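User: I want to check the labels on this structure one by one. Please give me the value, the cut-off and the conclusion each time.

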Amino acid sequence: MDANSDRYKLTIFILSKDKNLVLKRLLEYWKDSGFRIVVLHETRNPINIYNQDSSVVYLPTCDPLLDRIQKMSGLVETDYVLISADDEVFSITSIMDGIKFLDENQEFSTVSGQTVAVS
């Protein structure tokens, strides 16, 4: 399955608090993934996002975590959602496999995977 064939089938919500450098690196990772990225960034120092294809929605705010989580439901425009912290990285191939599984198995509503920690 090609990432572009399912463009915007998945929204990845990134909940971030201040870690600007980490967030910039994460957005660099996701930039060509073919997914819609929504960043709810609790910060007083917003970062500049250069986003040529509008796949990233960047929402700097001073709202605490619970308020940012509540905002997410009004921002979903895709079939699937992944909620992530700013220091979590997911395999794009695994996400695509999960989307394919959910598309082919309508009786399921979620998929999960295994985690690996790198220090």
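Analyst: Start with a cut-off. A residue is buried under 20% relative accessible area, exposed over 50%, and partly exposed in between. The model is predicted.

User: Why is V81 called partly exposed?

Analyst: V81 has 41% relative accessibility. Partly exposed is the class between buried, under 20%, and exposed, over 50%. So V81 counts as partly exposed. V81 sits in strand 4, residues 80–85.

User: What makes the nonpolar surface patch that V81 belongs to?

Analyst: V76, V81 and I83 make that patch, about 230 Å² of it. Patch residues need over 30% relative accessible area and no salt bridge. V81, at 41%, is partly exposed.

User: Where is M72, and is it buried or exposed?

Analyst: M72 is in helix 2, residues 65–72. Its relative accessibility is 6%. The cut-off for buried is under 20%, so M72 counts as buried. The C-alpha atoms of M72 and I83 are separated by 9.4 Å, and the two residues are eleven apart along the chain.

User: Why is the pair of Y29 and W30 called edge-to-face?

Analyst: The structure holds three aromatic pairs. In the pair of Y29 and W30, the ring centres are 4.9 Å apart and the planes stand at 70°. Pairing needs centres within 6.5 Å, and edge-to-face needs planes over 60 degrees apart. So the pair is edge-to-face. Ring pairs also link Y29, W30 and F35 into a cluster.

User: What makes one side of helix 1 the buried side?

Analyst: In helix 1, residues 20–30, the buried residues are N20, L23, L26, L27 and W30. They cover an arc of only 125° around the axis, so they lie on the same side of helix 1. The face turned away from that buried side carries the exposed residues L21 and R25.

User: How do you know that the span of helix 3 is close to the expected one?

Analyst: Helix 3 covers residues 92–104, which is 13 residues. From first C-alpha to last it reaches 18 Å, close to the 18 Å expected at 1.5 Å a residue.

User: Why are the buried residues of helix 3 placed on the same side?

Analyst: I95, M96, G98, I99 and L102 are buried in helix 3. Their arc around the axis is only 155°, which puts them on the same side of helix 3. T93 and E104 are exposed, on the face turned away from the buried side.

User: Why is the contact of E42 and K17 called a salt bridge?

Analyst: The closest N and O atoms of E42 and K17 are 3.7 Å apart. The cut-off is within 4 Å, so the pair forms a salt bridge. E42 lies in strand 2 (residues 36–42) and K17 in strand 1 (residues 10–17), so the pair ties together parts 25 residues apart in sequence. At 16% relative accessibility, E42 counts as buried. K17 is partly exposed, at 48%.

User: What makes the pair of D87 and K19 a tie between parts of the chain?

Analyst: D87 forms a salt bridge with K19, with the closest N and O atoms 3.5 Å apart. D87 lies in the loop between strand 4 and helix 3, and K19 in the loop between strand 1 and helix 1, so the pair ties together parts 68 residues apart in sequence. At 52% relative accessibility, D87 counts as exposed. K19, at 36%, is partly exposed.

User: How many salt bridges are there, and which residues form a network?

Analyst: The structure holds eight salt bridges. One of them joins D63 and K71 at 2.6 Å, N to O. D63 is partly exposed at 22%, and K71 is partly exposed at 38%. Salt bridges that share partners join K17, E42 and R68 into one network.

User: What makes D18 worth a look?

Analyst: D18 has a positive phi of about 70° although it is not a glycine. Most residues other than glycine have a negative phi. D18 is in the loop between strand 1 and helix 1. With a relative accessible area of 40%, D18 is partly exposed.

Methods: Residues numbered from 1 in each chain as written. Predicted model: local features only at pLDDT ≥ 70, side-chain atom pairs only at ≥ 80, totals over all residues. Heavy atoms only, no water. Phe/Tyr/Trp six-rings, centres within 6.5 Å; stacked < 30°, edge-to-face > 60°. Patch = residues over 30% accessible without salt bridge, like charges linked within 9 Å, V, L, I, M, F, W, Y side chains within 5 Å. Areas by Shrake-Rupley, 256 points an atom, 1.4 Å probe, with all protein chains shown as cover. Salt bridge = Lys/Arg side-chain N within 4 Å of Asp/Glu carboxyl O. Helix = DSSP H or I, 4+ residues; strand = E, 2+ residues; numbered from the N terminus. Buried < 20%, exposed > 50% of the residue type's maximum accessible area, 1.4 Å probe, protein only. Expected span 1.5 Å × (residues − 1). Arc of directions from axis to C-beta.
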